[in-house]
Structure formats: C-alpha cells, structure tokens
Amino acid sequence: MNKGSFRVTFLGTGPSLGVPVIGCECKVCSSENPRNRRMRSSLRVDTAEGTFIVDAGPDLHHQAIRSGLKSLDAVVLTHAHVDHVLGLDEVRIFNFRTGRDMPVYGTEETFSQIKKFFFYAFDERNPYPWKPQYDLRVIEPGVPFRVAGLEITPVLLGHGGTSVLGFRMGGGAGGPFAYCTDVHEVPESAYEALEGVDTFVLNALRLKKHATHLSFDEALAAVERVGARRSFLTHLSHDFDYDVIKGKLPPGVELAHDGLVLDFSG
C-alpha cells in the first residue's frame, strides 16, 4: 500500500440488535442472502503505517477473525453506546503481544462512560495481570489528529439528546472519505465540515422515523445535501432487505454490507 493510501473494510453494518434479530422470523432475518446478515457497526482502516478500527462493538471477536485482523494500532470511538464499545475488552490480546497500552481516541464524555463499563481495567487495586490496558486520548470536533499516519477530522453530530462523532479521513478537513453513524441530527456545522467529500457513509436505521437515528428518507435527504460522488447507508435494521432496497436507491447511493471494502489512493 502506498503512503497516503488507505483501505476501509466494513466489519459490521447492523444496529444494536444485529441482523438476524434473536428470535425473529421475518423475511430479512430468515434470508439466506449474506448481505442481509449484519453484525454491529464497526469499521476497519488499513494504511501503509498500520491498522485501526472505528468502534469496538460486541461482535469484535468474530469480526477480527473474519477479517484476518492480526495487529491493531488504535481504536477510534464515535460514542459510548454499548453496541459501539462493548468489544473493547478484546484489545487485551494486542496488549499481550505488544506490551503496550492500546491508544483509544474519543471525547471526554465517551471516556466517562468507558470508565464505568470497564471499571476493572481502571481499578488500580485490581491485581489481575490480564486486564485490558488503555491509553485514552481525548479528541475534539474540528481538531484533526493522526492514527497510523492518516489524518482524521472529527465531525460533531446529534444522536437523540446526546452527541456522536463522525470522522472525515485522508487529509483532515479535505479528506475523501467520511463515516457518520448513529446520527439523528446533522447540524449546519457538519454539512460545512463534509463539503466536497468524495465518499460518504451515513446511518439509516429504519424505514420509518426513529427517535434517535435517521430514517431511510431522512438519510437520503442528508446524503443528497452532502452531494458526495458515492454514498453508502449503514447501521441498517431488519427493515432493509438488501435486494429490495437497492432497487429503490437513487444513483450514487448504495447499501453497505459486512465485508465491503473501499480503497482510497494517496
């Protein structure tokens, strides 16, 4: 891989319940189409200098094995809901192999929740030698940072009464790729931060309106306004039959699916 190039792999494109949903016998949950099987949303990013993931949900163990993940340089967090962070315990294997704390990037708000979920990792009285070790690194909206040589700019978004970060990658404010999940509100500042992006990923949880996530129609409206050359919808519930919905999408918009790979040149 050339310097400046990077590869994005969708480790999961599903909602908090995953697809199939436990005990559900609907058409999508019963489907044999592998693109209707969605683990909790997460992203793997590979560069010439290393590998990081965006979010670490409860499916991370299986996602890592399925994608052949052998090394990990950092975890970047959008927010602290359990379907995006519960797999953080899995970083222990990388702690063991490298002897280093795992860099984890997120907001102060996110870290306050992480310290509650994984209290045993932060308890200095806990003598257990195999607990995960984290190096928490605070990031702020609009302030670029680098992971594995890739410049990333956080974008502040609304998530039903709380905040969530999207990330524009590959050149900071002018990067070609943006990933925004668990979004309910896209403020004007976010549209400005996303201006000119080439490839845009946005969540579309349900076909109908939802209290904390964009619906299908709302996501399409936001995608149209951003105006990327290519857009993908993710964080998809069992409302979305891949073969049915793909025929209802406007030009330039696709449904993301687990295992989807996108390459970006430097």
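**Entry 1: Trp130.** I began with Trp130, which is partly exposed because its relative accessibility is 46%; buried means under 20% relative accessible area, exposed over 50%, and partly exposed in between (1.4 Å probe, protein chains only). I recorded that the model is predicted: local features need pLDDT of at least 70, side-chain atom pairs count only at pLDDT 80 or more, and totals for chains, interfaces and linings use all residues. Residues are numbered from 1 along each chain as its sequence is written, and side-chain values use heavy atoms, with hydrogens and water left out.

I located Trp130 in the loop between α5 (119–122) and β6 (134–138). Helices (H or I, at least four residues) and strands (E, at least two) are DSSP runs, numbered from the N terminus. Together with Ile93, Phe96 and Tyr128, Trp130 makes a nonpolar surface patch of about 410 Å². Patch residues have over 30% relative accessible area and no salt bridge; like charges are joined within 9 Å, and nonpolar side chains (Val, Leu, Ile, Met, Phe, Trp, Tyr) within 5 Å. A salt bridge is a side-chain nitrogen of Lys or Arg within 4 Å of a carboxyl oxygen of Asp or Glu. Accessible areas come from the Shrake-Rupley method with a 1.4 Å probe; for residues, only the protein chains shown count as cover.

**Entry 2: Thr181.** I found Thr181 in the loop between β10 (177–180) and α6 (188–193). Thr181 is buried, since its relative accessible area is 0%. Not counting residues up to four places away in sequence, Thr181 touches Ser41, Asp55, Thr78, His84, Val164, Asn203, Thr234 and His235; contact means heavy atoms within 4.5 Å.

**Entry 3: helix α7.** I next looked up helix α7 (residues 216–226), whose buried residues are Phe216, Ala219, Leu220, Ala222, Val223 and Val226. They lie on the same side of α7 because they cover an arc of only 165 degrees around the axis; the arc is that of the directions from the helix axis to the C-beta atoms. I noted that the face turned away from this buried side carries the exposed residues Asp217 and Glu224. The cover over the buried residues of α7 includes α6, β11 (199–203), β12 (230–234), α8 (242–245) and β13 (253–255). Just after α7, Gly227 takes a positive phi of about 75 degrees.

**Entry 4: Pro154.** I placed Pro154 in strand β8 (residues 150–158). Pro154 counts as buried because its relative accessibility is 3%. The C-alpha atoms of Pro154 and Gly142 are separated by 5.5 Å, although these residues are twelve apart along the chain.
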